[in-house]
Amino acid sequence: MLSIHTARQRTPKTPGTPARIGLAVAGGGPIGGMYELGALRALDEAFEGLDLNRLDCYVGVSSGAFLAAALANRMDTAEMCRIFITGDSDDVQFRPETFMRPAFFEYMRRAASLPRLATQWWRELLFAPREARWADLITRFGGLVPNGLFDNTEIERFLRDVFTRRGRSNDFRELSAPLYVVAVDLDSGEAVKFGGPGWDDVPISQAVQASAALPALYPPVEIRGRHFVDGALRRTMHASVVLEQGIDLMIGLNPLVPFNQNEGMAVEHDRSLAAGGLPTVLSQTFRTLLQSRMQVGLARYSQQYPDIDQLVFEPNARDSELFFTNAFSFSSRRRICEIAYRNTLADLRRHADTLRPQLAAHGIRLRDEILADERRSVLDGIARPSRDTETTARLKRALDDVEHRVAQTPAAAPKRRARRVTR
């Protein structure tokens, strides 16, 4: 499902000046992240003139924060598919168990306080029975419940390793484009933009860890004495962070939408989502809240930023396979990535007539040969890895930087336009 907002009046550009493009990537757990990867791969192939590794601004929330940080670090979508989908990357070895390791230390720390709490409770029952109420039992012993089921320190270690090799950087200040990772201060409810003023010295790996600390699943992440949790608690996509950067086109991705099982089918009692029990009800409730909040924000942004084109990609509301897949199941990542890839290409195909002039204003065109292939798979355009060494990878990155700088010089602008016309 593609939402399109066309700018009322685009800001005039000096001839040869490229459009400024920003990317906002929402969260959605491991499966949400895989859906976004499939969508990004589709955009990477279908948009000619768009380099997802050379955008002007990135913002990521929760699982989307890793994708945004990886793109800003010039890890392309093909390499990320090799890491998470095919597993044949020569760069990063992905192990799902890293993200689902029980927080044993947290369990033991909480359990250690049980004798003290129990002693206090029995003392009150014996010496002040009127003051000891059974209703206080949950409050008193609630501190025994761990803040999170899984340990996210390994996530930070994994990300730190990825972002400190092959010329990449774990420092916001060293990236070629602004990157913002949003998390929420648990004690104040304030949204904090890591990568922004005053917070750009926090390592990217730690910022992503904090942004993805979904309450109950992962414990809050302590940074400078403050505890941070999932950035989606305040806003779904934090698109305003990108829109405030003076861009011309914003591309947004949101993987969580409520499931509409009544769309295109008769309503039957045994098909009610309530029959799926509490997990299904909570999932639908959570998705509905996130999407409705985002729709309100996008409606406001279209009024607040009328001169910016906005494209927001989401799953189809009738996609039952996506809805009923466990949001934290890594075993389904290839299938979900494929669904996202095909959905995104279908959206582009369906809205092609509207998109062509809008994209052309930003130097982008749709690749008709990609859109015409309805059987195309997310893995079709992914070549085998080159087996680069650390030194070779750094050299290629440096040469790419030089080529990019040369291409951006005024003398090269006519050549770029000529190439774009002759393709």
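A crossing of two helices is left-handed if the near helix is turned anticlockwise from the far one by less than a right angle, and right-handed if clockwise. By that rule, H1 and H3 cross in a left-handed way. The model is predicted, so to read it, note that local features need pLDDT of at least 70, side-chain atom pairs count only at pLDDT 80 or more, and totals for chains, interfaces and linings use all residues. Residues are numbered from 1 along each chain as its sequence is written, and side-chain values use heavy atoms, with hydrogens and water left out.

**The helix pair**

Helix H1 spans residues 29-46 and helix H3 residues 77-86; their axes lie 10 Å apart at an angle of about 150 degrees. Helices here are DSSP runs (H or I, at least four residues), as are strands (E, at least two), numbered from the N terminus. Axes are lines fitted to C-alpha atoms over the stretch in contact, with angles from 0 to 180 degrees between N-to-C directions.

**The cavities**

Two cavities of 30 Å³ or more are present. A cavity is a set of points on a 1 Å grid over the protein atoms alone where a 1.4 Å probe fits but cannot get out, and its lining residues have an atom within 4 Å of a point. Volume is the space filled by probe spheres set on the points, which are joined across faces, edges and corners.

| Cavity | Volume |
|---|---|
| Largest | About 60 Å³ |

Ten residues line the largest cavity, with Ile31, Gly32, Leu256, Arg287 and Leu322 nearest its centre. H1 gives the largest share of this lining, three residues. The second largest cavity has Arg287 and Leu322 in its lining too, along with others including Pro255 and Phe323.

**The annotated site**

An unreviewed UniProt entry lists Ser62 and Asp230 under "active site"; such annotations may be inferred rather than shown by experiment. Although spread over 169 residues of sequence, they cluster in space, with a largest C-alpha distance of 5.8 Å. Ser62 sits in the loop between strand S4 (57-61) and helix H2 (63-72).

Terms used:
1 Å grid on protein atoms, 1.4 Å probe; cavity = no way out; pocket = protein on both sides within 12 Å on 5 of 7 lines; lining within 4 Å.
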